[in-house]
Amino acid sequence: MSVSEGDTVQVHYTGTLKDGSVFDETEEGDPLAFTVGSGEIIPGFEQAVIGMDEEDEKTVTIEAAEAYGERDESRVQQYSRESLPDDFDPEKGQVLALQDQEGRQIPVTVVDFDEENITVDLNHPLAGRDLTFEIKVVGIE
């Protein structure tokens, strides 16, 4: 049985950047489970598993546009520190979780701050990067 749209699959994967550094992997834990075509994961990863059989393995490089998108400099925004808790002590590079109107968590990175303002990058940390995945299908439903 090959993976097709609508199937729920379980995969193990290792995700690496161009320099070979690992940004995510499942090998030590539970496999990633998702329904193909549901939009739960990045589009390029979904497309990569279509046609694979259980126990198949492959390596695929997904361009930024089919992963987390290109960087958008308009998503680097400044906010008044008055809107933050008084005891918040930001650090450059710190990743925070904000909540959008639908209640979803959005990771943002602190890029600068002073006494009055904080500047955060709302781009996904992997935006603008091509991603390479070693994928193994371990289950198809």
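Which residues is V11 in contact with, leaving aside its neighbours within four places in sequence? That was my opening question for this notebook, and I kept in mind that I am reading a predicted model.

**Entry 1: V11 and its surroundings**

I found V11 in strand β1. Leaving aside its neighbours within four places in sequence, V11 is in contact with T26, P31, L32, F34, F45, V49, I135, K136, V137 and V138. I then looked up its accessibility: V11 is buried, and its relative accessible area is 0%. I also checked one distance along the way. V11 and E54 are 43 residues apart along the chain, and their C-alpha atoms are separated by 9.2 Å.

**Entry 2: the core around it**

I went on to the largest nonpolar core, which has 22 residues. V11 is one of those with the most contacts inside it, together with F34, F45, V49, F133 and I135. The elements that give two or more residues to this core are β1 (8–16), α1 (43–49), β4 (57–62) and β9 (131–140). Which element gives the most to this core? I noted β9, with 5 residues. Apart from this core lies another core, of 5 residues, and I wrote down V108, V110, I118 and L122 as being among them.

Next I followed T26, which sits in the loop between β2 (22–25) and β3 (32–35). Is T26 buried or exposed? I read a relative accessible area of 9%, so T26 is buried. Its side chain makes a polar contact with the side chain of H12 at 2.9 Å. The side chain of T26 also reaches the backbone nitrogen of Y13, at 2.9 Å. Leaving aside neighbours within four places in sequence, I list V11, H12, Y13 and L32 as the contacts of T26.

**Entry 3: salt bridges**

I turned to charged pairs here. Side chains of opposite charge can pair when their charged atoms come close. How many salt bridges does the count come to? I noted 5.

I looked at E55 and K136 to begin with: they form a salt bridge, with the closest N and O atoms 3.3 Å apart. E55 lies in the loop between α1 and β4 and K136 in strand β9, so this pair ties together parts that are 81 residues apart in sequence. E55 is partly exposed at 45% relative accessibility, and K136 is partly exposed at 28%.

D121 forms a salt bridge with R71, and I read 2.8 Å between the closest N and O atoms. This pair links distant parts of the chain, 50 residues apart, with D121 in strand β8 (residues 117–121) and R71 in the loop between β4 and β5 (76–80). I have D121 down as buried at 10% relative accessibility, whereas R71 is partly exposed at 38%.

I also visited K92, which forms a salt bridge with D112, the closest N and O atoms being 3.6 Å apart. K92 lies in the loop between β5 and β6 (95–99) and D112 in strand β7 (residues 105–113), so the pair joins parts 20 residues apart in sequence. One network turned up too: R71, E73 and D121 are joined by salt bridges that share partners.

**Entry 4: stepping back to the chain**

The C-alpha atoms fill a box of roughly 60 × 35 × 30 Å along the principal axes. I noted lastly that buried residues make up 33% of the 141 residues.

Technical notes. Residues are numbered from 1 along each chain as its sequence is written. This is a predicted model: local features need pLDDT of at least 70, side-chain atom pairs count only at pLDDT 80 or more; totals for chains, interfaces and linings use all residues. Side-chain values use heavy atoms; hydrogens and water are left out. A nonpolar core is a set of buried Ala, Val, Leu, Ile, Met, Phe, Trp, Tyr and Cys residues joined through side-chain atoms within 4.5 Å. Buried means under 20% relative accessible area, exposed over 50%, partly exposed in between (1.4 Å probe, protein chains only). Helices (H or I, at least four residues) and strands (E, at least two) are DSSP runs, numbered from the N terminus. Contact means heavy atoms within 4.5 Å. A polar contact is a pair of N or O atoms within 3.5 Å; within protein, one must be able to donate a hydrogen and the other to accept it, and residues adjacent in sequence count only if both atoms are side-chain atoms. A salt bridge is a side-chain nitrogen of Lys or Arg within 4 Å of a carboxyl oxygen of Asp or Glu.
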